[in-house]
Amino acid sequence: MMKNPYLLLTPGPLSTTDSVREAMMRDWCTWDDEYNELVQKVRHRLVTLATKNPKQYTAILMQGSGTFSVEATIGTVLPKSNGKLLIATNGVYGNRIAQICDYLGIKTVIAEANEQEPIALDTMEQLLQSHQDITHVMMVHCETTTGILNPLEEACQLAKQYNKITIVDAMSSFGGIPLDVSELQIDFLISSSNKCIQGVPGFGFVIAKQDELAKCKGHARSLSLDLYDQHETMEKYNGKWRFTSPTHVVRAFYQALVELEAEGGIQARYERYQQNQKLLVQGMKKLGFQALIKEEYQSPIITSFLYPEEAFSFAAFYQLLKDQGFVIYPGKVSRVATFRIGNIGDVHIHDIQRLLTVINNTQAKGAVVR
Ligand SMILES: *Cc1c(COP(=O)(O)O)cnc(C)c1O
């Protein structure tokens, strides 16, 4: 088996286990029952991971990266006329939702918050009051731009107080942070194969409330991204996809789900990510790197660090770490210079310790990155 040349400290694709990658080493017939049953098992497991009330919900798998599933959901859920989406945003992924709506010709109202602050509940409420034609409310759970964790419970509660349908981009949090879609009153939740479930990239999935999905027939603006139709086919033909499905990716994803359970489920994975993140921030602080987001808002998924000094060269720092087996991520914040280190994936406390040692040694050698 080929060894990975570096550990990915990025928010997806991420480092997977050898056993997840090994699971891809055979071919599948998409018409065969054995494969379709695998798809059904994946769908069933996803629903049980998402809620203690699995009967109310269903899971739909969709080809493509996570954004394809975000676009499929928005394009299928919002009615063709008289729909208006309130978007709460504090980063790139929230803004991408607005961009998708522009492409699809969907009316929006935007509650924008500073990138370093959680989404603005007060602005959301004002907009809900002043735009009574809002039909749906959407937000990002963990805004991967910065690593900030948004107040999902409060935001969904607010939306439901005004009787709106709730859509959540939980791309970088589902599987890594405990949540229950039924308790939180989430109608549609979106994530993908290559984030906290720790599979390889190739498809996204949506956990949908059955009653709400049932109302979406004929809404879709796109054939290939028709979530309703995709669900119909998966239900009617026992796990069949409408168009070619990413068979190897699905098989690897199933293995990743088995490994999530073996780890002790979402709670245990959450604790591992938290331990990784805490050690990372403490260690980096000792080496002179300050985290961007206040600790109380920080997610255990990915951390943004400020450049330690103006002369800091991210490119040089990146190369030094890559040479020693770690790949990190550039920053995405608009106003300040940052870089990001993710700790999701098959990443453990000893990996973070090794990373900190490597950074310490490069600094000690005077290889300060200018
Ligand atoms: C990764 C991610 C997405 C999807 O990105 P793709 O590149 O399309 O997979 C969407 N939203 C958030 C918050 C993400 O972290």
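In this predicted model, Glu 261 and Arg 45 form a salt bridge, with 3.1 Å between their closest N and O atoms. Glu 261 belongs to helix H9 (residues 247-263) and Arg 45 to helix H2 (residues 33-50), so this pair ties together parts that are 216 residues apart in sequence. Side chains of opposite charge can pair when their charged atoms come close. The structure holds 13 salt bridges, one of them being the pair of Glu 261 and Arg 45.

Helix H2 also contains Gln 40. The side chain of Gln 40 makes a polar contact with the side chain of Arg 43, at 2.8 Å. Leaving aside residues up to four places away in sequence, Gln 40 touches Met 234, Asn 238 and Gly 239.

The domain assignment of the protein gives two: domain 1 is made of residues 7-11 together with 266-364, and domain 2 covers residues 18-261. The contact between them takes 26 residues from domain 1 and 28 residues from domain 2. The C-alpha centres of domain 1 and domain 2 are 27 Å apart. Together the two domains bury about 2300 Å² between them, and 57% of that area is on carbon and sulfur atoms. Three residues, Ile 266, Arg 269 and Tyr 297, supply 32% of the area that domain 1 buries against domain 2, more than any other three residues.

What polar and charged pairs cross this interface? Eleven residue pairs are in polar contact across the interface of domain 1 and domain 2, both residues having pLDDT of 80 or more. The count of salt bridges between the two domains is one. Arg 335 forms a salt bridge with Glu 115, and their closest N and O atoms are 4.0 Å apart. On the side of domain 1 that touches domain 2, the elements giving two or more residues are helix H10 (265-286) and strand E11 (302-306). H10 provides the largest share of that side, six residues. By type, the residues of this side of domain 1 divide into 13 nonpolar, seven polar and six charged.

The ligand is the next stop. Which residues surround the ligand? They are Ser 65, Gly 66, Thr 67, Tyr 93, Arg 96, Val 140, Cys 142, Thr 144, Asp 169, Met 171, Ser 172 and Lys 195. For Thr 67, a polar side-chain atom lies 2.5 Å from an oxygen atom of the ligand. In the side chain of Thr 144, an N or O atom is 2.5 Å from an oxygen atom of the ligand. A polar side-chain atom of Lys 195 lies 2.8 Å from an oxygen atom of the ligand.

Two features of the backbone remain. Most residues other than glycine have a negative phi, and most peptide bonds are trans. Gly 12 and Pro 13 are joined by a cis peptide bond, with omega about 0°. Pro 13 is found in the loop between strand E1 (7-8) and helix H1 (18-22). Asn 82 is not a glycine, yet has a positive phi of about 65°. The place of Asn 82 is in the loop between helix H3 (66-77) and strand E3 (84-89).

Note on methods. Residues numbered from 1 in each chain as written. Predicted model: local features only at pLDDT ≥ 70, side-chain atom pairs only at ≥ 80, totals over all residues. Heavy atoms only, no water. Domains from an automatic or database assignment. Contact = heavy atoms within 4.5 Å. Buried area = accessible area lost by both parts, 1.4 Å probe. Salt bridge = Lys/Arg side-chain N within 4 Å of Asp/Glu carboxyl O. Polar contact = N/O pair within 3.5 Å; in protein donor to acceptor, adjacent residues only side chain to side chain. Helix = DSSP H or I, 4+ residues; strand = E, 2+ residues; numbered from the N terminus. Nonpolar A, V, L, I, M, F, W, Y, C, P; charged D, E, K, R; others polar. Near = heavy atom within 4 Å.
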